[in-house]
Amino acid sequence: MSTRPPLTVLLASPRGFCAGVDRAIQIVERAIEKYGAPVYVRHEIVHNRHVVDRLKALGAVFVEELDECPADRPVVFSAHGVPKSVPADAKARKMLYLDATCPLVSKVHVEAGRHFDAGREIVLIGHAGHPEVVGTMGQLPEGAVALIETVEDARAFQPRDPANVAFVTQTTLSVDDTAEIVAALRARFPQIAAPHKEDICYATTNRQEAVKAIAARSQVLLVLGSANSSNSVRLAEVGRRSGAEAYLIDDASALDLSWIDGARTVGVTAGASAPEVLVQGVIDRLADSFDVTVEEIDTARETVTFKLPRAVA
């Protein structure tokens with residue numbers, strides 16, 4: 001009979017890689033296979049230390065700007081998207097480039113362009129400095145897009161024409177926080193043009209809903225993901241709001257077992273850029289100290305896939 005204390009692990013489903021992340025990683029892997037190493041990647045392909053380190057070992061070189069890349073090697077643009085100036089510079093330098101921008105981020109770029117062409121003033125709900133926000137704002141001329149991060153920003157925003165405003169959002173935001181900001185904008189600008197289908201992507205929404213389902217039953221929530229991953233940080237926030245002590249960790253080595261003291265149920269999930277092997281690593285680490293029972297809580301079924309660019313398909 002086990003002398004280890006019992007512990008129920010509630011495993012969130014969906015969790016981990018989304019279709020956009022899967023596609024972006026495949027683009028880098030296939031580019032290395034096809035063109036040999038090194039293949040350059042502008043910005044981390046996705047925000048996860050383990051994914052980046054594995055691709056580095058295969059021959060990927062990560063840089064922040066295009067001018068750090070030699071013109072005679074392929075370059076991949078990250079899943080977060082890039083300003084229009086980046087592919088324009090790559091073309092001017094006759095570089096072979098592969099765009100791994102998530103198609104759902106590209107959809108936001110297209111929407112912003114349509115609003116601009118229609119003469120609307122555009123509000124982008126997002127986090128300053130995040131590469132997705134930099135990429136979306138960089139689709140249009142400077143000053144065409146106003147960034148709103150909080151409800152307070154929404155209340156303070158002064159458009160040129162209150163009857164001619166539109167909003168788009170970063171794809172990896174908190175669904176609940178964004179709803180509050182949108183409500184504040186609608187209260188001030190009843191005619192504000194909204195996305196046809198919300199911009200927060202299916203994967204972000206599904207993972208947040210899954211966290212709510214397990215956090216309500218857990219004393220502690222462990223979120224696998226890197227600190228610079230927007231969607232992973234949001235999962236920890238959602239968990240805390242749902243009543244669990246939530247911790248964002250890169251992998252099992254960052255797990256402090258004192259967090260689990262007195263807990264009977266622990267929730268485990270992973271951000272959209274975190275590989276499943278990290279989840280298994282945490283469960284194995286818990287099983288070293290506890291008599292673990294794993295229960296998978298399935299809140300949605302994901303069937304989305306995205307095609308690879310022709311150059312590496």
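**Close-up 1. His 43 in the loop between S2 and H2.** In this predicted model, His 43 belongs to the loop that links S2 with H2, and its phi is near 75°, a positive value in a residue other than glycine. With a relative accessibility of 15%, His 43 counts as buried, because the cut-off for that class is under 20%.

**Close-up 2. Lys 94 in the loop between H3 and S5.** Lys 94 is found between helix H3 (85-92) and strand S5 (97-99), and although it is not a glycine, it has a positive phi of about 55°. Its relative accessibility is 74%, so Lys 94 counts as exposed. Most residues other than glycine have a negative phi, and most peptide bonds are trans.

**Close-up 3. Cis peptide bonds at Pro 14 and Pro 38.** Ser 13 and Pro 14 are joined by a cis peptide bond with omega of about 10°, and Pro 14 lies in the loop between strand S1 (6-13) and H1. A cis peptide bond also joins Ala 37 and Pro 38, where omega is about 0°; Pro 38 is located in the loop between H1 and strand S2 (39-42).

**Close-up 4. The contact of helices H1 and H2.** The axes of helix H1 (residues 19-35) and helix H2 (residues 49-58) come within 10 Å and cross at roughly 10°, which makes H1 roughly parallel to H2. From H1, the contact involves Ile 25, Val 28, Glu 29 and Ile 32, while H2 contributes Val 51, Arg 54, Leu 55 and Leu 58. By class, the residues of this contact are six nonpolar, no polar and two charged.

**Close-up 5. An open three-stranded sheet with the order S7-S6-S8.** The strands of this sheet pair in parallel, and its edges are formed by strand S7 (145-148) and strand S8 (165-169), each of which pairs on one side only. Neighbouring strands are turned by 30° against each other on average, direction ignored. Strand S6 (residues 121-125) is joined to S7 by four bridges, and Ile 125 stands opposite Ile 148 in S7. Helix H7 (residues 175-188) packs on the sheet, touching S6, S7 and S8, and its direction makes about 155° with that of S6.

**Close-up 6. Helix H8 (residues 202-215).**

Conventions
Residues numbered from 1 in each chain as written. Predicted model: local features only at pLDDT ≥ 70, side-chain atom pairs only at ≥ 80, totals over all residues. Heavy atoms only, no water. Pairing = 2+ DSSP bridges. Helix = DSSP H or I, 4+ residues; strand = E, 2+ residues; numbered from the N terminus. Axes fitted to C-alpha atoms, helices over the stretch in contact; angles between N-to-C directions. Contact = heavy atoms within 4.5 Å. Expected span 1.5 Å × (residues − 1). Parallel < 35°, antiparallel > 145°, perpendicular 65-115°, else oblique. Nonpolar A, V, L, I, M, F, W, Y, C, P; charged D, E, K, R; others polar. Buried < 20%, exposed > 50% of the residue type's maximum accessible area, 1.4 Å probe, protein only.
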